Amino acid sequence: MIENLRKGWCPGALAPMLSGDGYIFRLRLTNGILSFERAKALSDLSRRYGNGAFDLSARANLQMRGVGTEDIPALQEELSALGLLDSDARAEAVRNIVPSPLAGFDPTASIDARPLVMALEALLTREKALHDLPPKFGFSIDGGGALPLAGVVTDIDFTAVADGEAPRLLVTLGGVDAGLVAPENLVAAAETLVRNFLRLRENDGRMSALVARIGVAPLLENCPAKAQAEFGLFRIAWSDRGEAAAYWPILGARNCGGKNFVGAGLLFGRIEADTLEALADAAEESGAGELRLTPWRVMLAVGLSPEGAETLAARLAKLGFILDASDPRLAFSACPGAPACSSALGDVRAAALALAPYWRVDAGRVHVSGCAKGCAFHGRALTLVAGDDGFSLVENGFARDEPVARRLDLATCQQKLSNISKGARV
């Protein structure tokens with residue numbers, strides 16, 4: 001298994017990636033479901049083989065960090081015993097599906113997305129030709145309801161919409177709406193779209209680049225007959241998915257169509273192994289059914305009574321989870337920074353914490369990056385990039401973009417953020 005080790009792309013459990021603090025293992029949990037038993041087992045593995053910390057990724061994956069080379073075989077054996085190892089690294093690499101976080105629990109959802117996620121995973125694992133997809137190529141399946149995946153754009157998105165009496169899934173390719181498909185035809189549609197992508201792409205690494213070059217129509221050619229009637233001769237579909245999910249319906253004790261869950265925010269998406277174990281214990285003792293991962297740096301405990309949800313929320317607040325939607329730290333993203341990442345030119349998470357009191361959570365996203373790669377956040381934001389001579393400031397852009405100011409010390413950054421959050425120009 002060690003021959004799969006590489007550096008500089010999306011890691012997995014069979015093909016971990018080397019970082020400044022050791023190897024990163026990315027665990028792709030089907031439907032984002034984390035049982036209490038697995039949460040406790042993974043906490044133990046992280047303490048024994050890693051640095052005792054996990055990151056929750058933007059694709060709702062759990063990443064174990066700080067694994068030494070000598071511990072890789074033993075860790076992989078234990079992950080296999082937990083049912084968390086794929087048959088091979090290429091199959092693992094393409095199993096990138098962002099699921100609805102409340103699927104099967106939310107009675108307001110149009111469909112239960114869990115069986116669709118499992119069926120799509122089976123296709124991606126089984127069909128070896130699909131293993132040629134680029135490493136970052138991904139899917140989302142959004143069943144609708146209380147926590148839609150608005151703002152989560154992957155290469156191929158399926159989003160439940162009302163279409164007469166029967167629910168349909170809006171197909172979006174690289175951010176462009178393409179048509180509608182019935183839930184029972186999702187797998188056939190996904191296979192056709194992926195095979196067409198592989199056939200038509202030249203140097204296009206992602207669906208958005210291919211769609212920008214040739215449009216969506218060629219990607220919808222040669223659909224299976226069953227899917228053809230639904231979306232092959234597609235009609236332009238409406239797009240009413242709203243804005244990216246806000247934190248107010250996620251954090252703390254929440255009611256969802258008569259059921260209850262608790263959302264626990266993770267600072268920068270990081271959770272220590274001891275804290276994950278404490279979360280699992282507290283959720284189980286409060287009567288929750290399981291934990292769910294989300295793409296928003298929030299973990300959910302689902303299946304609670306109203307009293308159990310309130311009790312759990314109080315316990316999690318004492319453990320240091322973020323449960324207040326007005327907390328300005330929620331507006332900040334930051335890569336692991338130095339010394340965890342060898343490319344980083346500063347401890348950007350410490351800098352983000354020092355900047356947070358000078359910002360309002362409703363003033364927009366702030367990303368603090370250790371270098372121009374801009375890891376940990378892939379959208380436009382007010383971006384601070386660490387350098388040898390201080391921070392560069394990018395207005396509504398990416399870490400790689402041309403900055404509007406350079407060589408800023410931390411105190412100057414604090415003042416600028418304070419002014420910007422009050423409405424001043426950069």
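Q: What does E191 form a salt bridge with, and how far apart are the closest N and O atoms?
A: In this predicted model, E191 forms a salt bridge with R195, and the closest N and O atoms of the pair are 3.0 Å apart.

Q: Where do E191 and R195 lie?
A: Both residues lie in helix α5, which covers residues 186-200, and they are four residues apart, about one turn of the helix.

Q: And is E191 buried, exposed or partly exposed?
A: E191 is partly exposed, because its relative accessible area is 21% and the buried class is kept for values under 20%.

Q: OK, how many salt bridges does the structure hold?
A: The structure holds 26 salt bridges, and one of them joins R270 to D55, with the closest N and O atoms 2.5 Å apart.

Q: What about accessibility for R270?
A: R270 counts as partly exposed, at 22% relative accessibility, whereas D55 counts as buried, because its relative accessibility is 7%.

Q: What does R114 form a salt bridge with?
A: R114 forms a salt bridge with D112, and the closest N and O atoms are 2.8 Å apart. R114 is partly exposed, with a relative accessible area of 29%, and D112 also counts as partly exposed, at 31% relative accessibility.

Q: Changing topic, where is the place of T275?
A: T275 is found in helix α8, which covers residues 273-285, and T275 counts as partly exposed because its relative accessibility is 21%.

Q: Which residues does T275 touch, not counting those up to four places away in sequence?
A: Leaving out residues up to four places away in sequence, T275 touches L319 and F321.

Q: How far is T275 from G320, going by the C-alpha atoms?
A: The C-alpha atoms of T275 and G320 are separated by 8.8 Å, although the two residues are 45 residues apart along the chain.

Methods
Residues numbered from 1 in each chain as written. Predicted model: local features only at pLDDT ≥ 70, side-chain atom pairs only at ≥ 80, totals over all residues. Heavy atoms only, no water. Helix = DSSP H or I, 4+ residues; strand = E, 2+ residues; numbered from the N terminus. Buried < 20%, exposed > 50% of the residue type's maximum accessible area, 1.4 Å probe, protein only. Contact = heavy atoms within 4.5 Å. Salt bridge = Lys/Arg side-chain N within 4 Å of Asp/Glu carboxyl O.
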